[in-house]
Structures are given as C-alpha cells and as structure tokens.
Amino acid sequence: MDSGAWITESRLTVVIGHFGSGKTEFAVNLAVALGREGHPFALADLDLVDPYFCARTCGEALRSAGGRLVARSQRCFDADAPSLPPEVMTLLDDGELFGVLDAGGDASGARVLARYRDPLTRCGARVLCVVNGNRPLTQTAEAAAGYIRDIQQACGLAVTGLVNNTHLCGETTLEDILAGDRLCRALSDLVGIPLTCTAVPEHLAGQAAGLLPRVFPMKLYLKKPWELPLPEKEEI
C-alpha cells in the first residue's frame, strides 16, 4: 500500500478517540484529504459530549475543500436532549458520497453510533481509533485496550484501525511521535488491530516520513472556544 492509499480505502470512516486524542482534528483533516483526492465528501459531527472542540466549527474549511458539514443547529448544540441531523442518513445512503463521522470521545458519546450500526455495517464503514500516548488514560497499551473495549461494547461496532496521534499540541516533538508509534504497535499486538497511519503536525511530517510508514500531515483547523463568534439570537 502506498502512503496515501489508506485515505480512500473505505467510503465511510468513523473516527473515535479519547478526550485530548485529537480525534476531531484528525477527522477534519481526513475529510479535507478526501476533497484533495477529488471525491465529493461530507463530515458528520456526531459528538454530543464536547460542545467546544468540535467539527461544527470547521464548516468553512470543509466548504473550501469542496465538501460540506452535517451538524445539528448551532443554536441548540447545548440543549439537554440534543438531536442528530437527519442528513446523516443521506450520507450513509448515498453510495457516491465519501464521509467521515466524528463520534463522541468516550463510551457514552460513542453510543450514538449504535443508532447507525446496521447501515454502517452494510456500507462496510471502517472505525478508526485515534490514540494520543501523552494522555493519562491512554499512556499504556493495556489502558488504551480497555478504552477500545468500552467503545466497542457501547456502539456495537468493531474498531478496525489505529491512528497514532501522540502530541503535546504546540510542544510536540519527533520523539513524542516515535514514542506514540511504539505504544500503538504494542497496542496493535495486544488487540489485533492494525496501525492505519501516524498523524503528525505539518512541520514535522518530513522528519517523521523518513522514519515511519504512512505519515499523515495534519493542519490545525479547530478554533478555540474564545475564537468562535457568538450564536445568532433568534427573534421572538
């Protein structure tokens, strides 16, 4: 497999990952990469847990790449009983449309996937788990394996690939990435799930590519909560 062939291996990709793993940043970058490959695409924001660092803030970047965002209304994202956008089923049913589904960061957040388990299974969707070895709850292969088991039990879908996204935000070093590679390979051996790629900041991609296979350069798209415009108020 060449270094980028994994990007289009499946029409639909579900992205999961623990809080702080960078799963949403990876999901957005993957969606944009689909656009660069010339595929019509959409990204579905299914994260009902974290109202701040979420894909719905990246709509303009997705549109600029030729795709679209599927998300519930910005006006009611913090409702007690948030609903899911009906366009998700369009994404699942349209065989010509590539899609990335960004799910919640823990077992309770992943339960939303159970609602779409049957169509996702019929579509042959893959489930990628993003791992950051610098996060407290995924610093060992054993801890990360327990997280994966909880996620799989909650959503009824099997994780099919691992993504090493070990980072320390702006302080990430090449050694962080290499340490994450060692962790993910140990995790892969433990759970029998292959390592799909290693996600790295753009400025470290060249160095990492000389040492690791399937390096995926990552641009930062997510905005901080204080950088976002306030939601428009509805007129009464």
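Contact here means heavy atoms within 4.5 Å. The views below come from a predicted model, in which local features need pLDDT of at least 70, side-chain atom pairs count only at pLDDT 80 or more, and totals for chains, interfaces and linings use all residues. Residues are numbered from 1 along each chain as its sequence is written, and side-chain values use heavy atoms, with hydrogens and water left out.

View 1. Helices (DSSP runs of H or I, at least four residues) and strands (runs of E, at least two) are numbered from the N terminus. Buried means under 20% relative accessible area, exposed over 50%, and partly exposed in between, with a 1.4 Å probe and protein chains only. Among the buried residues of α6 are Ala-141, Tyr-147, Ile-148, Ile-151 and Cys-155. The buried residues of this helix pack against β1, α4 (107-110), α5 (117-122), β5, β6 (161-164) and α7. After α6 comes Gly-156, with a positive phi near 75°.

**View 2. The largest nonpolar core.** A nonpolar core is a set of buried Ala, Val, Leu, Ile, Met, Phe, Trp, Tyr and Cys residues joined through side-chain atoms within 4.5 Å. The largest one has 38 residues, and Ile-16, Leu-46, Leu-101, Leu-113 and Leu-120 have the most contacts inside it. Elements giving two or more residues to this core include β1 (12-17), β2 (41-46), β4 (98-103) and α6 (141-155). Helix α6 supplies the largest share, seven residues. Beyond its neighbours within four places in sequence, Leu-113 touches Val-14, Ile-16, Leu-46, Ala-103, Leu-120, Cys-155 and Leu-157. A second, separate core of 27 residues includes Trp-6, Phe-26, Phe-98 and Val-163.

**View 3. An aromatic cluster of Trp-6, Phe-26 and Phe-216.** Rings of Phe, Tyr and Trp (its six-membered ring) pair if their centres lie within 6.5 Å; planes under 30 degrees apart count as stacked, over 60 as edge-to-face and the rest as tilted. The count comes to three aromatic pairs. Trp-6 and Phe-216 have ring centres 5.2 Å apart and planes at 85°, so this pair is edge-to-face. Trp-6 lies in the segment before β1 and Phe-216 in strand β8, so the pair ties together parts 210 residues apart in sequence. Trp-6 is buried, with a relative accessible area of 1%. Phe-26 and Phe-216 also form an edge-to-face pair, 5.6 Å centre to centre with 75° between the planes. This pair links helix α1 (residues 23-36), which holds Phe-26, to strand β8, which holds Phe-216.

**View 4. Cys-169, a residue with positive phi.** Cys-169 is not a glycine, yet its phi is about 50°. Its place is in the loop between β6 and α7. At 63% relative accessibility, Cys-169 counts as exposed.
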